[in-house]
Amino acid sequence: MRMIDAVSSHKILSIYTNCQKLKEILPAEKIIFVDDCSDANLAILEKSKIEKNCTDIPIITLEYDLLKKYPNSIGSFFWQKGRPNIIFIKSRLENQNIDLDNAFDEFIEENIW
Amino acid sequence: MVKNFHYWLYVIGIISILSMILYLYVSFSIKENEMKENVIFNKLETILIQHEKIENWLEEECKENQNIQECILMNSDKSKMLNTMLYMTINQDISYSFLVFKDENNRYRFLADGASEPARVMQKIDTDDKKVWDEAYSSEEGTLLSSNKQTDGLWLTYLSPFVENNQTYMMLVTDFSISLDNKIKNTISPIKEILLYILSITIVIFIIGIFQTIMYFIARKESFTDQLTGLNNRNYLRKVIDSRFPYDKYDIAIVDIDFFKKINDQYGHDIGDIVLKDISNIFKKIVGKDDFIFRYGGEEFLFLFQRNSSEKLLKELMYRVREHVININNQTIKFTISVGVNKNLHRCKHFTDMVKTADIALYNAKRSGRNKIVYYSEEIDDEKQSNFQTVQSAIDENRVFCEYQAIIDTSSDCVFKYETLVRIKDTNGTTLYPNSFLEIIKDTNIYTDLTKKVIDISISKFLDLNVHKFSINLGLQDFNNPEIVNYVLKVIEKYPKLIDLMSIEVLEYDKVDDEISCIAMVKLLQDKGLKIALDDFGSGYANFSTILSYSFDFIKIDGSIIRKVVEDDKAVKMVQSILSFAQAHNIIVICEFVYSQEVYEVLKSIGVEYMQGYYLSKPSQDLEWKLLK
């Protein structure tokens, strides 16, 4: 949730996600889940199926490899070797004018490998 | 059966102990931590081998490169090769195995990954334990860290740095679980449970067994203990006197409380019990730990004293009893004991002989005034002992028999009844008469046994015929012997016909000790319907005074009077006066010792109806009576 807060300035977030589980986890009082990416101001995506309507909003992926597939993805949260990993891509944050708190500096990467 | 039970108890006890040992061994020896350590040790061994393989491989592959990181990063084939090598180590326990290095920003990045879908080379990896990772990275030793990420096991991470020139260039990270531990636990758990069940069952059985054993020993103790005095009883005596008993080291003594019946009669049985308890307590205090004391009969005690101390202890015993005073209702009771001792047990073949000899000595102590210790002397009592053995063996070997002498009703010349007369055949076939053995065995258990035997023989002779009446002879003292009185009561209860057929002739050997109870017993038997005759009237204690005390149905005038009736008129007058006294009291008079026609005629002339003697009939084993006159 901290990660979502960090990337959004909206008081109430409208999020599009194709991850059903996420809808159960995230707090409903601050988030409105929308069914169409065009209605959302943030997308959180998993799996490799490309969501075509999500080209204009920042995306957080739930898999590292999706960073390459979504040019407008700004970061990723995923499990790596049983450990939670967070990555933000510096250039993409800048492109989307997203300014992260310093606490997230350690997660900001120059490159996608 | 009891012995077997004990063996089973031992077996169950051993099973319990073995189960317990096994259970404790499984529970504690195969400790969880030790198992974990063993599993971890095996894993680490695998990891270290892997580490060495990679190191050797890199040494060979990157020997031309200054920087091994660059060697890997610059050559994707090498990276793929490393992936393969790491992949080989992955199994169900080793989840992840990957190589990382730390970049200039202190971030860990992948160099190689053994996963089937490996992470990308240079990709960053975050870790919760960054501090530990950093420490591991900067050290030369491997570091094991654990986390409880698995609920059913333990997830461990082993950080194994690759160091060259004191500088770590990468680190092998291996995540593994010790789920195998659970498998071992799962295997051991049923064994532990089975052992626990066995242990529980055997412990329960063992406890029940112990309880049963305790109950058995309590019951055994009770069966061996006289409830009143707390002394050992005859059951225990039978247990002690087996062939292993060291008779050569012991003396036997039989102790009898003098005039105990009087104490019972005068003060009541409760006081009698107190006396028995008090005396028993005195005995208990005196006997040594290797001596034995038994309550042998009512007021009889049997001692087995160790030979070297027996005389001193017996004197002490006499002294203590004499000095002991019981206060009952402001009355003091003092009493004495008579003791018969045999110091030559080794000369007796059987324990019964030992008791008999001590019994003889006790008898002599009583006869000679009581309140004394008499030692059995073999020389003096040799003949007595021989007679004892003769009678005892005759009883044991069925050499006791009876002859029957008819008492004639002279008014009809028919048999009025038969008198049963005991005889014994010795081992040579010679017939022994009561005058040769009866006096000797009197006051002994043999006498009681013989009396019972005579009763049995007479009953078997007359009961089925159901025609003739018969009489058996008892001493007046026998009415003070509960065993004999009870036996008579028992047979008349068993064979009610005996009440009409059988009568008892009372021979008054001596003045009885306890006349009150004697009179009561005679009356008891008369109340049951038995007829009682006084034998030998006119001699010894059998006189008018006795008739006053008892209500006899018959009196039998002694032969010493009858034999004189022919020549002595006083004898005739004496018989006449007895006859008139008897008629006045409805007592039937029998005259014995009718040995001649003259005697018969005289007696007949003065009105004697019932006569017995050789002139009329001789004693015979059969009942084919023939009038001889």
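This is a short walk through chain B, stop by stop, with something to select at each one.

**Before you start**

You are looking at a predicted model, in which local features need pLDDT of at least 70 and side-chain atom pairs count only at pLDDT 80 or more, while totals for chains, interfaces and linings use all residues. Residues are numbered from 1 along each chain as its sequence is written, and chains are lettered from A and ligands numbered from 1 in the order in which they are written.

**Stop 1: the whole of chain B**

Of the 629 residues in chain B, 33% are buried. Here, buried is the term for 20 or more other C-beta atoms within 10 Å of a residue's own, exposed for 12 or fewer, and partly exposed for anything in between, with C-beta atoms placed from the backbone. Among contacts in chain B between residues at least 6 apart in sequence, 62% join residues at least 24 apart. A contact requires two C-beta atoms, placed from the backbone, to lie within 7 Å.

**Stop 2: a five-stranded sheet**

Next, select β8, β9, β7, β12 and β13 of chain B, which make an open sheet in that order, with mixed pairing. Strands pair if DSSP finds at least two bridges between them. Why do β8 (292-295) and β13 (373-375) of chain B stand at the edges? Each has a single partner strand, so one side of each is left without a neighbour in the sheet. On average, neighbouring strands of this sheet are turned by 20° against each other, direction ignored.

Now colour β7(B), residues 250-257. Eight of its eight residues are buried. Y250(B), I252(B), I254(B) and D256(B) point one way from the strand, and D251(B), A253(B), V255(B) and I257(B) the other way. β7(B) runs antiparallel to β9(B), joined to it by seven bridges, and Y250(B) has Q306(B) as its bridge partner there. Six bridges join β7(B) to β12(B), again antiparallel; look for I254(B) and its bridge partner G340(B).

Step across to β12(B), residues 337-342, which runs parallel to β13(B) with three bridges between them. V339(B) is paired with I373(B) in β13(B).

**Stop 3**

**Stop 4**

Select α4(B), residues 76-89, and show side chains. K78(B), S79(B), L82(B), N83(B) and L86(B) are buried. They cover an arc of only 145° around the axis, which puts them on the same side of α4(B); the arc is that of the directions from the helix axis to the C-beta atoms. Turned away from that buried side are the exposed residues D77(B), T84(B) and M88(B).

**Stop 5: L99(B), and on to chain A**

From L82(B), move to L99(B), as the two are in contact. L99(B) lies in strand β1 of chain B and is buried, with 26 other C-beta atoms within 10 Å. Its contacts beyond four places in sequence also include L111(B), A112(B), M170(B) and L172(B). M171(B) is 72 residues away in sequence, yet 5.5 Å away in space, C-alpha to C-alpha.

Bring chain A into view: 14 residues of chain B are in contact with 11 residues of chain A. The elements giving two or more residues to this side of chain B are β1 (94-102) and β3 (124-125).

**Last stop: S517(B)**

Finish in α17(B), residues 515-527, by selecting S517(B). With 18 C-beta neighbours inside 10 Å, S517(B) counts as partly exposed. Not counting residues up to four places away in sequence, S517(B) touches K261(B), D265(B) and N480(B).

Note on methods
Helix = DSSP H or I, 4+ residues; strand = E, 2+ residues; numbered from the N terminus. Axes fitted to C-alpha atoms, helices over the stretch in contact; angles between N-to-C directions. Expected span 1.5 Å × (residues − 1).
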